[in-house]
Amino acid sequence: PAHTGYSSECVHWAFGHPGYLLQMLNGNGCIHDFNAAMSITTAFKLSRLSACDVMALKIAAVFEKPLSLVQWRGIVIPLLGNPNSIHTPQTLVYAGLLKQRSDSYTFQHPAICKMIMDIVTKEEHLQIEKAIQQWNIKWGIAKEPISLSSSYIEDFNTLKSQAVESANFFQ
């Protein structure tokens, strides 16, 4: 595509922020879609992560709710294959994919969670779901449905509408 170099440069200058990226790309007529801007930004960030970090995001997406540090240590670290690992979600916070809320971690944006869910294989999903169920049994927590919540979808649709309105304002 003719705009590949421009798109890459926009991702760099937007520091991965989807709002800035959307405005930059809309300004040149390349992308008029919030989903596309989020996809480009998320793919760029994922390309800079280790395989362990990407797997940790997949686990968080299947878990679907904010993960406490206790849950991170009890579910994520064992699934990464090294129970003695000191892996923390801070790398993913610094990358702008997760955010910390008091003692838990959640996706920076519902669209990021959905995009990560889209790359989770069926085998990974089953493995993650099994680990979550085992953790829930261990801690006496009832199993909740593991799927993208309606609140995430509602948040995503609201933010998408706001982004489109903002982009139209700047045109």
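Predicted model: local features only at pLDDT ≥ 70, side-chain atom pairs only at ≥ 80, totals over all residues.
Residues are numbered from 1 along each chain as its sequence is written, and side-chain values rest on heavy atoms, with hydrogens and water left out.

The secondary structure of the protein chain comprises 9 helices and 3 strands, where helices (H or I, at least four residues) and strands (E, at least two) are DSSP runs numbered from the N terminus. Along the sequence these elements follow the pattern α-α-α-α-β-α-α-β-β-α-α-α. Of the 171 residues of the protein chain, 42% count as buried, the term buried denoting under 20% relative accessible area, exposed over 50%, and partly exposed the range in between (1.4 Å probe, protein chains only). With contact taken as heavy atoms within 4.5 Å, residues 24 or more positions apart account for 58% of those contacts in the protein chain that have a separation of 6 or more.

The 3 strands form an open sheet in the order S1-S3-S2, with antiparallel pairing, two strands being paired if DSSP finds at least two bridges between them. Strand S1 (67-68) and S2 stand at the edges with a single partner strand each, so one side of each is left without a neighbour in the sheet. Strand S2 (residues 98-101) pairs with strand S3 (residues 104-107) in the antiparallel sense over 4 bridges; Leu98 stands opposite Phe107 in S3, and Arg101 stands opposite Ser104 in S3. S2 and S3 form a hairpin with 2 residues between them. Helix H4 lies across S1, S2 and S3 and runs at about 90° to S3.

Helix H4 (residues 51-63) also packs against H5, at an angle of about 125° and with the axes 10 Å apart; axes are lines fitted to C-alpha atoms, for helices over the stretch in contact, and angles run from 0 to 180 degrees between N-to-C directions. This angle makes H4 oblique to H5, given that angles under 35 degrees count as roughly parallel, over 145 as roughly antiparallel, 65 to 115 as roughly perpendicular and the rest as oblique. H4 passes H5 in a right-handed crossing, a crossing being left-handed if the near helix is turned anticlockwise from the far one by less than a right angle, and right-handed if clockwise. In this contact Ala56, Ile59 and Phe63 of H4 meet Gln71, Trp72, Ile75, Val76 and Leu79 of H5. The residues of the contact of H4 with H5 divide into 7 nonpolar, 1 polar and no charged, where Ala, Val, Leu, Ile, Met, Phe, Trp, Tyr, Cys and Pro count as nonpolar, Asp, Glu, Lys and Arg as charged, and the others, Gly among them, as polar.

H5 packs with H8 at an angle of about 140°, with their axes 10 Å apart, and the two helices are therefore oblique to each other. The crossing of H5 and H8 is right-handed. On the H5 side the contact is made by Val70, Gln71, Gly74, Ile75 and Leu79, and on the H8 side by Gln127, Ile128, Ala131, Ile132 and Trp135; by class, the contact of H5 with H8 has 7 nonpolar, 3 polar and no charged residues.

The buried residues of H5 are Gln71, Trp72, Ile75, Val76, Ile77 and Leu79, and they pack against H4, S1, helix H6 (90-94), S2 and helix H8 (122-139). Apart from its neighbours within four places in sequence, Gln71 is in contact with Phe63, Pro66, Val76 and Trp135. Just after H5, Gly81 takes a positive phi of about 95°.

A further residue with positive phi is Glu64, for which the angle is near 75° although the residue is not glycine. Glu64 is placed in the loop between H4 and S1 and, at 12% relative accessibility, counts as buried. Its C-alpha atom and that of Met117, 53 residues apart along the chain, are separated by 9.4 Å. Met117 is found in helix H7 (residues 110-119) and, leaving aside its neighbours within four places in sequence, is in contact with Ala61, Val62 and His125.
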